[in-house]
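Please report on the sheet and the ligand site of the model shown here. Keep it brief.

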Amino acid sequence: MTEVLVLIDHVNGAVRKPTFELLTIARRLGEPCAVVIGDAEQAATAAEAVKAYGAGKVYSIDGTEIAGYLVAPKAEALQQLAVATNPVAILLPSSAENKEIAGRLAIKLGSGLITDAVDVQEGPVTTQSVFAGTYTVKARVTQGIPIITIKPNSVAPEEASGAGTLTPFAVTISDTAKSTQIMTGQPRTTSGRPELTEAAIVVSGGRGTGGDFAPIEELADALGAAVGASRAAVDSGWTSHALQVGQTGKTVSPQLYVANGISGAIQHRAGMQTSKTIVAVNEDEEAPIFDLVDFGVVGDLHSVLPALTAEINKRKG
Ligand code: FAD
């Protein structure tokens, strides 16, 4: 039993970057094997993508019966696969849906669960940032198959060749698991920018923008970044609630987080404290955000950001 199962995060077979990060981590723990839930075409597309990141087997679970329901059938399918393969660990990209799947799976398998890890080493021993980033803890599961959800951007994905052998796995979904059906689905309107929770760079704006998010968006576009916001900004209706970063918003862990006109309240920090490099622009040099930054600019964001954006665009040529 050396297989490490990694649940593939995909959209119609197009595999999202966090899966490649998890396969990179899985190689530290054993033999990385991917799990795709979808139709035959999606499974084939996904298998092709993950084999470049070291996936040996790619277990494909037919999604026909699973699509159209909420998370319960996925948890049940993974339970059956885990019982059949007895892996050393099961890794899932941290997302609201996957954390719910992981929780249900842990109950079904009688296993321990760790969510929102930012690193996983041999053991597996995880690193997490907890209590709004106040503590960094190392933890390990002491019972059953370790189930771990890992935040996007926790590692840089590294390519490695794998066989990517599609291995169909038949599951039986109970009526109980199908008791909540999705009636309609509305695809999210995309901004053309990277997904906030997966982006390598996030540029955020707070109350200090005064409601003008143009400098934030222009800097984000110059950097190929996602746009984020503080709760004060979204509660004021200046931008979408979907962009809120923090305790009651999204948790992000990018390579670079640029906080503009954001004071650095503990509830905001809870959602971005594990960012690798933090930069803040704030006109108040006493603002608490400066306690956690790698680089800080004391100044008015309405003049600092346009100058920064212009310089970046100039250097990009
Ligand atoms: P402020 O705290 O008002 O800070 C604005 C900053 O902008 C100031 O530091 C000011 O110096 C600076 N500034 C002003 N003008 C300029 C300028 N022209 N140029 C540069 N800087 C300027 N907040 C979150 O963000 N996310 C959450 O998920 C969240 N969850 C919460 C949950 C609970 C239960 C509670 C009680 C609160 C939560 N909050 C959350 C709210 C949080 O406590 C703060 O109120 C909020 O983060 C403040 O947002 P802000 O930093 O944009 O605004």
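## Sheet

Strands β1 (residues 3–7) and β4 (residues 31–38) run parallel and are joined by 5 bridges. Glu3 has Glu31 in β4 as its bridge partner. Strands are DSSP runs of E, at least two residues, and helices are runs of H or I, at least four, numbered from the N terminus. Two strands pair if DSSP finds at least two bridges between them.

This is a predicted model: local features need pLDDT of at least 70, side-chain atom pairs count only at pLDDT 80 or more, and totals for chains, interfaces and linings use all residues. Residues are numbered from 1 along each chain as its sequence is written, and side-chain values use heavy atoms, with hydrogens and water left out.

The open sheet has 7 strands in the order β7-β11-β6-β1-β4-β5-β12, with parallel pairing. β7 (113–117) and β12 (165–168) are the edges; each has a single partner strand, so one side of each lacks a neighbour in the sheet.

## Helix packing

Helix α1 (residues 17–29) touches β1, β4, β6 (89–93) and β11 (147–150). Contact means heavy atoms within 4.5 Å. Helix α2 (residues 40–50) lies across β4, β5 (57–62) and β12.

## Ligand site

A polar side-chain atom of Arg207 sits 2.6 Å from a ligand oxygen atom. A polar backbone atom of Arg231 is 2.9 Å from an oxygen atom of the ligand. For Gly261, a backbone N or O atom lies 3.0 Å from a ligand oxygen atom. A polar contact is a pair of N or O atoms within 3.5 Å.

Definitions and conventions
Axes fitted to C-alpha atoms, helices over the stretch in contact; angles between N-to-C directions. Polar contact = N/O pair within 3.5 Å; in protein donor to acceptor, adjacent residues only side chain to side chain.
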